[in-house]
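Please brief me on this model. Keep it short and group the points by topic.

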Amino acid sequence: MRHPVRAPADRAGLTPPTPRRHSAPMPSAFPSLDAFARDKLAGLDAAGLRRRLVPTRRTGGVGAERAGRPVVSFSCNDYLGLATHPAVVAAAREALERYGAGSGGSRLVTGNHPLFAELEAALAARKGHEAALVFGSGYLANLGITPALAGAGDLILIDELGHSCMWAGTRLAGARTLAFRHNDPAHLEALLARERGAARHALIITERVFSMDGDRAPVADILALAARFDAWTLVDDAHGLGVVGPDATAPLEMGTLSKALGSYGGYLCASRAVIDLLTSRARSFVYTTGLPPASAAAALAALAVIAAEPERAARPLALARRFTARLGLPEAESAMVPVQVGEAEAALALSRALEARGFLVVAIRPPTVPPGTARLRVAFSAAHAEPEVDALADALTDALADLRAVPQ
Ligand SMILES: *Cc1c(COP(=O)(O)O)cnc(C)c1O
């Protein structure tokens with residue numbers, strides 16, 4: 001909104017200023033901008049790639065109400081059902097009532113509530129690292145970690161299927177960046193052999209459990225290569241923590257509080273020196289408001305539940321394996337199973353067919369996954385009951401037959 005410019009006489013009070021009226025309801029409308037947006041949207045529509053928000057209310061456990069209809073959700077990353085666990089909710093409520101809704105500033109200014117130190121100690125202990133740093137989200141953690149550790153003159157090698165925020169972090173870093181073939185240590189080795197010598201430092205980036213494929217990285221093999229070539233390794237454990245145990249621990253272990261922990265936020269576990277450096281240098285930590293204390297309290301309570309109830313943590317993988325066995329798919333390696341369909345429109349049609357049968361299984365399309373690999377992403381939770389899993393498998397078999405598509 002523009003400030004009306006007053007003539008000097010107005011300031012002297014000689015002529016009362018006429019208040020300016022904004023008759024147009026949207027003074028910010030700008031035709032070429034809207035034309036640009038509409039043009040882009042038409043392209044997305046034509047390719048089946050437009051994304052839309054659907055009002056979805058989680059109704060407890062794996063229940064949801066989608067566009068007003070009840071469904072059983074297989075699309076949630078709350079793998080252990082902890083977002084609604086009574087102990088987690090109580091911890092969040094108590095922190096909310098005692099400390100308020102927001103943390104009020106960057107953690108380096110006034111936003112560093114003592115709950116963060118407690119949470120960081122618990123995360124570091126869980127990972128067997130010296131220290132940890134909690135970020136506003138997993139996305140923010142990846143945006144901050146990589147540019148603080150690598151830059152011009154360095155080499156970054158990243159799994160080609162790495163999460164969008166890992167790629168975003170590498171772009172901000174400005175180092176020479178090469179993708180290695182998905183879960184292919186031989187290709188990684190070849191790239192290290194060819195490129196490592198010319199670089200000051202090298203950083204390898206991968207996910208422990210791939211978010212859209214559900215398969216696991218050969219972390220131990222990657223760490224062995226890293227040791228040989230003096231490269232650092234960052235592992236994104238967003239879908240591992242609390243659900244699948246690590247085969248090996250990387251010097252840089254990041255993840256999120258928003259999936260199995262049922263809360264919100266992100267973290268990095270590493271040595272004390274690395275954490276102290278990131279505290280000063282990760283821009284997405286320094287220049288953003290600290291998490292609400294209630295989110296930290298919820299995550300702490302969730303870590304305690306996971307430690308106390310190992311049978312809960314074992315359930316999502318067991319259910320995923322029950323599902324893959326029933327469908328004759330390769331055995332699940334994590335709590336999530338992709339059902340590859342191919343084209344975006346086919347994945348959307350399959351998702352709609354399942355929704356009509358009472359199951360929420362969201363279609364995943366490019367650019368989240370490579371072109372031609374649109375899929376359903378089926379996520380299992382400790383809160384699912386075995387009959388729900390079997391019913392989904394049967395509904396999927398029917399829907400696939402109807403669409404004359406076959407799972408790959
Ligand atoms: C979800 C996810 C993130 C982002 O975590 P948020 O806390 O949701 O921002 C990062 N990496 C991977 C692999 C993820 O799946």
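The points below run from the whole chain down to single residues.

This is a predicted model. The chain holds 14 helices and 14 strands. Of its 408 residues, 49% are buried.

**Overall dimensions and contacts**
- The C-alpha trace spans about 85 × 55 × 50 Å along its principal axes.
- Take the contacts between residues at least 6 apart in sequence: 68% of them join residues at least 24 apart.

**Annotated domain**
- An unreviewed UniProt entry lists residues 70-396 as "domain: Aminotransferase class I/classII large".
- In the model, that span is 44% helix and 17% strand.
- Its end C-alpha atoms lie 18 Å apart.

**Four-stranded sheet**
- Strands S1, S2, S3 and S12 form an open sheet, in the order S1-S2-S3-S12.
- The pairing in this sheet is mixed.
- S1 (56-58) and S12 (359-360) are the edge strands, and each pairs on one side only.
- S2 (residues 63-66) and S3 (residues 69-73) run antiparallel and are joined by four bridges.
- Gly-63 stands opposite Val-72 in S3.
- Ala-67 lies in the loop between S2 and S3.
- Ala-67 is not a glycine, yet its phi is positive, at about 50 degrees.
- Ala-67 is exposed, because its relative accessible area is 56% and the cut-off for exposed is over 50%.

- H6 covers residues 164-173, and its buried residues are Cys-165, Met-166, Ala-168, Gly-169, Thr-170 and Ala-173.
- Gly-174 follows H6 and has a positive phi, near 75 degrees.
- Ala-175 sits in the loop between H6 and S6.
- Ala-175 counts as buried, because its relative accessible area is 12% and the cut-off for buried is under 20%.
- Beyond its neighbours within four places in sequence, Ala-175 is in contact with Ala-150, Gly-151, Ala-152, Asp-154, Leu-155 and Ile-156.
- Asp-215 is 40 residues from Ala-175 along the chain, and their C-alpha atoms are separated by 28 Å.

**Second largest pocket**
- This pocket holds about 250 Å³ of space.
- It is lined by 14 residues, and the closest to its centre are Asp-213, Pro-330, Glu-331, Val-337 and Pro-338.
- Strand S11 (residues 336-342) gives the largest share of the lining, four residues.
- By type, the lining divides into six nonpolar, four polar and four charged residues.

**Other backbone points to check**
- Where is Asn-183 in the chain? Asn-183 lies in the loop between S6 and helix H7 (185-195).
- Asn-183 is not a glycine, but it has a positive phi of about 50 degrees.
- Which residues does the cis peptide bond with omega of about 5 degrees join? That bond joins Pro-366 and Pro-367.
- Pro-367 has its place in the loop between strand S13 (363-364) and strand S14 (374-379).

Definitions and conventions: Residues numbered from 1 in each chain as written. Predicted model: local features only at pLDDT ≥ 70, side-chain atom pairs only at ≥ 80, totals over all residues. Heavy atoms only, no water. Pairing = 2+ DSSP bridges. Helix = DSSP H or I, 4+ residues; strand = E, 2+ residues; numbered from the N terminus. Buried < 20%, exposed > 50% of the residue type's maximum accessible area, 1.4 Å probe, protein only. Contact = heavy atoms within 4.5 Å. UniProt positions renumbered as here; feature names shortened; annotations may be inferred. 1 Å grid on protein atoms, 1.4 Å probe; cavity = no way out; pocket = protein on both sides within 12 Å on 5 of 7 lines; lining within 4 Å. Points joined across faces, edges and corners; volume = space filled by probe spheres on them. Nonpolar A, V, L, I, M, F, W, Y, C, P; charged D, E, K, R; others polar.
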